[in-house]
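This report is meant for a reader who meets the structure for the first time. It takes up the packing of side chains, then aromatic rings, and lastly some backbone angles.

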Amino acid sequence: MKYEFDKNDEVIESYDLWELEERNIEYLKDLLKKLNFDRYMDIENAFIPKEEDEMETLGIEDLFPNATITILDESVPAAPKSKMSSANIQTKVKPIIQEKDFILDQKVKYNDTIEHIHISKLFEIDESINFFPLPDDEELLNLMENIENFGILSPLLVIKSGDADEYTVVSGRSRLIALNHLWSNTADERYLYAPCLILHQNTDPAIIQSIIISENLSYRKIPKDIQVRAILLLDKILTKSKKYRTQMNITDKIAESAGISRTTANTIRGFKNLSPLALDLLYKNHIKRGAARLLSMIESHETQDLIINGLGNQINDLNKIREMLVGPSKGVYDKELGKTVPETWEKKIDRTMRMVPSTAKITLYIASGEVEEVLKAIIPIRSKAVSKYKTFKDNEINKYFRVALDDNTIEQYLRKGFVTKETIDLVRSGDYKEIIKYSKEVINTF
């Protein structure tokens, strides 16, 4: 992490490791290894952004945070059903929202009246523009219950569709769906009209798109693929904006709008360098973000696709991708020709596919009464690894044989006497002398 400080030694700017160029990352890795930091940390994995949960759960925020909340349904005339029609009902009000800047920091212009528009005249915007998922059954039922109890607290944002007396919903699709369900199930006139603010017809399509992204990213539960697609589109919009002239400003704005870290925002922005094939696989979750990030460092889409097709179902093996990033070797020995020749991509792929991971993660589930004995049995195995890999430096053994225990479970077992602190300390120890000494004592008892 790089920091800049002010005169009072306060941090005023920071840069994430993952924002560095690949050559600088490799330089740092080499430097850390020379300083023997690999005894204390997994250097390779330290430079890979951690995978996030499958769903981004963000705080609930209204699209119009500065709005004065009004139960708008009370302003709708309670006309008898026989007199109800599809005519719009207008209510002259003081604007309940300020001219909000949304993503582009451009003022959004709308009529200064709330029109209660018949739901038959309201239509959802095209899915290519609002590609966010619809509310699930539970979310929809909760929304319907809230509308039943309190009415529509925030008006829908709509724009007129051409010359027809119809409107496209820019913001409020879920509310419209809920109203339609409520009207169908109850025939209650309260749900027949939706309070709407009407955007000016000459509103820039980029502003409409930014409103949709801003609204959904700020409070929805967003699957990874939708989040990536939204942020890449947001990046495209902001890049064209005069206000955001630097990459850092764009990253900051995206992080703020999506409620994510700068690191995540910067990583996802890099995905715009992916080939169409790589992007498609990322959206379908066949390629994980760590693999996508490495692929995005390759300028040629053709090379990206070659690596994807070559690695197949091992495309998420980061070590194999790193090996492929280097490209074919300038010289490999060909047994048939009896000489050194330039390596082809075909041979490079074949050699890479024959690589195996240098370490393996093994998870054991052990009955509480057997934990002490199993851990004691593991210590001599670690001792053999000390000799085999000549790990005669403190903590160096952990590069080849490290035991990770669940701290919460072990703490409970210690209190109950299922395991001793001496055994726990030894199985976690990085002191090769202690490990060898214990193993010799065990052998001498037989």
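## Packing, rings and backbone

Leaving aside residues up to four places away in sequence, leucine 274 touches Leu279, Leu282, Ala292, Leu295, Ser296, His301 and Gln304. The model in which these contacts are found is a predicted one.

Leucine 274 also belongs to the largest nonpolar core, which has 51 residues, and it is listed there with Phe132, Leu217, Phe271, Ile287, Leu295 and Ile315 as the members that touch the most other members. Helix H6, residues 224–239, supplies the largest share of this core, namely 8 residues. Another core lies apart from it and holds 22 residues, including Tyr167, Val169, Tyr191 and Tyr193. As a general background, nonpolar side chains in soluble globular proteins tend to be buried together.

Turning to the rings, a search of the whole structure finds 4 aromatic pairs. In one of them, the ring centres of tyrosine 389 and tyrosine 400 are 4.4 Å apart and the planes meet at 10°, so the pair is stacked, given that planes under 30 degrees apart count as such. Because tyrosine 389 lies in helix H14 (residues 371–389) while tyrosine 400 lies in the loop between H14 and helix H15 (407–416), the pair ties together parts that are 11 residues apart in sequence. Tyrosine 413 and phenylalanine 418 form an edge-to-face pair, with 5.5 Å from centre to centre and 80° between the planes.

The table gives the relative accessible area of the residues in these two pairs.

| Residue | Relative accessible area | Class |
|---|---|---|
| Tyrosine 389 | 39% | partly exposed |
| Tyrosine 400 | 38% | partly exposed |
| Tyrosine 413 | 18% | buried |
| Phenylalanine 418 | 35% | partly exposed |

A ring can also face a charge: the charged end of arginine 229 sits over the ring of phenylalanine 131, at 4.3 Å from its centre.

The backbone deserves a look as well, since most residues other than glycine have a negative phi. Asparagine 285, which is found in the loop between helix H9 (276–283) and helix H10 (289–296), has a positive phi near 65° although it is a residue other than glycine. Asparagine 285 is partly exposed, with a relative accessible area of 33%. Asparagine 395, located in the loop between H14 and H15, likewise has a positive phi, of about 70°, and is not a glycine. With a relative accessible area of 24%, asparagine 395 is partly exposed.

Methods:
Residues are numbered from 1 along each chain as its sequence is written. Side-chain values use heavy atoms; hydrogens and water are left out. Rings of Phe, Tyr and Trp (its six-membered ring) pair if their centres lie within 6.5 Å; planes under 30 degrees apart count as stacked, over 60 as edge-to-face and the rest as tilted. Helices (H or I, at least four residues) and strands (E, at least two) are DSSP runs, numbered from the N terminus. Buried means under 20% relative accessible area, exposed over 50%, partly exposed in between (1.4 Å probe, protein chains only). A charge sits over a ring if NZ of Lys or CZ of Arg is within 6 Å of the ring centre and within 35 degrees of the ring normal. A nonpolar core is a set of buried Ala, Val, Leu, Ile, Met, Phe, Trp, Tyr and Cys residues joined through side-chain atoms within 4.5 Å. Contact means heavy atoms within 4.5 Å.
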